[in-house]
Amino acid sequence: KGKCPEDGWDESTIELFLHELAIMDSNNFLGNCGVGEREGRVASGLVARRHYRLIHGIGRSGDISAVQPKAAGSSLLNKLTNSVVLDVIKLAGVRTVASCFVVPMATGMSLTLCFLTLRHKRPKAKYIIWPRIDQKSCFKSMITAGFEPVVIENKLEGDELRTDLEAVEAKIKTLGAENILCVHSTTSCFAPRVPDRLEELAVICANYDIPHIVNNAYGVQSSKCMHLIQQGARVGRIDAFVQSLDKNFMVPVGGAIIAGFNESFIQEISKMYPGRASASPSLDVLITLLSLGTSGYKKLLKERKEMFSYLSSELKKLADNHNERLLGTPHNPISLAMSLKTLDETNDAAVTQLGSMLFTRQVSGARVVPCGSVQTVNNYTFKGFMSHANDYPCAYLNAASAIGIKKQDVDVFLKRLDKCLKTFRKEAKQENSINEISDANTATEQLED
């Protein structure tokens with residue numbers, strides 16, 4: 001039926017299924033006689049076993065989704081994976097998605113492929129409207145495709161950084177709709193930035209007849225992000241949305257899903273990919289979804305949401321204890337931010353030092369963002385880089401509740417963060433005491449004089 005099974009399969013059943021697919025490929029036929037340049041020959045038995053002898057990859061030279069006559073098993077694997085992944089995207093909240101395919105590239109290059117496909121539809125266009133998000137790969141995806149990003153600064157609303165819709169529309173009028181390739185929006189992002197106003201952007205794109213590509217990097221795991229995409233497509237225009245395999249399905253890095261609401265456009269993107277492609281990302285995600293089943297994946301999504309609430313409440317308590325505060329970012333369903341104002345005022349280098357201390361204590365993924373850092377990416381200079389704004393009011397620390405996170409991860413992180421912050425406070429007190437003694441000695445010397 002091409003659907004993800006409700007209950008996960010055991011490993012031996014999955015292996016049997018993969019071996020059945022593999023023996024349908026010509027390189028595994030007992031009497032095969034290969035005289036071409038690409039015959040699925042593998043020198044190492046270890047490599048062959050690692051790939052379950054599915055060696056031919058996916059697609060043909062003209063289309064990554066096409067069937068290979070001498071690789072029936074690999075082709076079936078490709079078709080089934082795309083079908084199962086489509087089923088899971090619907091389950092996660094985008095009910096009206098029409099088509100998708102797994103591409104063996106991470107999110108950034110997959111976005112580039114979308115932009116290159118649009119080039120043929122809009123030959124005059126050279127600009128991409130991009131509400132700012134300080135993440136290098138989505139910015140470089142536009143540069144690599146040969147387009148000029150038009151950076152739209154975010155609006156500060158409370159603690160949140162939100163889409164400046166008026167600035168987007170004003171820029172469209174200034175540049176001319178026919179000169180704009182697309183609007184490139186974002187769902188999943190680091191707090192205090194929150195998902196773009198997708199519904200409003202989708203309406204603007206529909207009104208001006210401009211394509212709309214959504215970077216949904218780790219948004220499949222969030223019902224809120226998926227709801228935004230569904231609503232955007234319902235009220236306006238979303239041409240494609242791209243998500244990472246590793247971030248949403250806990251597989252190795254190297255694959256993404258390109259999905260959309262118009263099947264013919266998604267097929268155009270798949271035909272834009274030059275040559276055949278590795279089957280590894282497709283194989284990894286199919287194995288994972290067959291082992292989890294829909295019930296297992298739903299359980300992971302539910303646990304992630306529960307851990308977000310737990311992380312939020314516990315991080316708030318810790319922030320209060322250190323005279324800091326959990327920034328108010330109710331529109332961000334995955335990432336949280338805690339101010340580091342006291343630390344920043346104590347010592348200019350203290351904020352970045354905290355990041356180093358956490359990393360050496362085996363805390364990975366926590367981002368420490370100082371005020372006023374400047375970075376140049378492909379000749380574009382960003383002020384306040386990593387904070388998604390030129391002048392965010394305070395330094396802060398990020399932590400995220402992503403799929404697969406456990407209560408133990410949260411508890412250990414909070415314990416180590418608390419210890420690091422206490423170290424800084426202790427050092428600050430000692431420094432103050434030394435300064436007080438020094439000031440007292442100076443005053444005594446002046447009296448004696």
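The largest pocket has 39 lining residues (an atom within 4 Å of a pocket point), and Phe-190, Ser-364, Gly-365, Ala-400 and Ala-402 lie nearest its centre. A pocket is an open set of points on a 1 Å grid over the protein atoms alone, with protein on both sides within 12 Å along at least five of seven lines. This is a predicted model: local features need pLDDT of at least 70, side-chain atom pairs count only at pLDDT 80 or more, and totals for chains, interfaces and linings use all residues. Residues are numbered from 1 along each chain as its sequence is written, and side-chain values use heavy atoms, with hydrogens and water left out.

**The largest pocket**

- Its volume is about 890 Å³, counted as the space filled by probe spheres set on grid points joined across faces, edges and corners.
- Helix H4 (107-121), helix H5 (136-144), H9, strand E14 (396-400) and helix H14 (407-448) each give two or more residues to the lining of the largest pocket.
- H14 gives the most, with five residues.
- The lining of the largest pocket divides into 22 nonpolar, 13 polar and four charged residues.
- Here Ala, Val, Leu, Ile, Met, Phe, Trp, Tyr, Cys and Pro count as nonpolar, Asp, Glu, Lys and Arg as charged, and the others, Gly among them, as polar.

**The chain as a whole**

- The protein chain has 14 helices and 14 strands; these are DSSP runs numbered from the N terminus, with helices (H or I) of at least four residues and strands (E) of at least two.
- The C-alpha trace spans about 105 × 55 × 40 Å along its principal axes.
- Of the 449 residues, 51% are buried; buried means under 20% relative accessible area, exposed over 50%, and partly exposed in between (1.4 Å probe, protein chains only).
- Among contacts (heavy atoms within 4.5 Å) with a separation of 6 or more, 73% join residues 24 or more positions apart.

**Cavities**

- The whole structure holds two cavities of 30 Å³ or more; a cavity is a set of grid points where a 1.4 Å probe fits but cannot get out.
- The largest cavity holds about 40 Å³ of space.
- Its lining includes Trp-130, Asp-134, Lys-136 and Phe-385.
- Six residues of that lining are nonpolar, one is polar and two are charged.

**Residues marked in UniProt**

- UniProt positions are given in the numbering used here, feature names are shortened, and annotations may be inferred rather than shown by experiment.
- An unreviewed UniProt entry places "modified residue: N6-(pyridoxal phosphate)lysine" at Lys-247.
- Lys-247 is in helix H9 (residues 245-249) and is partly exposed, because its relative accessibility is 36%.
- Beyond four places in sequence, Lys-247 is in contact with Thr-107, Ala-217, Tyr-218, Gln-221 and Ile-403.
- An unreviewed UniProt entry places a "binding site" at Arg-38.
- Arg-38 lies in the loop between helix H1 (11-22) and helix H2 (45-50), and its 23% relative accessibility makes it partly exposed.
- Arg-38 touches His-56, Gln-68, Lys-70 and Arg-276, leaving out residues up to four places away in sequence.
- The side chains of Arg-38 and His-56 make a polar contact at 3.0 Å.
- A polar contact is a pair of N or O atoms within 3.5 Å; within protein, one must be able to donate a hydrogen and the other to accept it, and residues adjacent in sequence count only if both atoms are side-chain atoms.

**A buried threonine**

- Thr-81 is in helix H3 (residues 72-91) and counts as buried, because its relative accessibility is 1%.
- A polar side-chain atom of Thr-81 lies 2.7 Å from the backbone oxygen of Leu-77.
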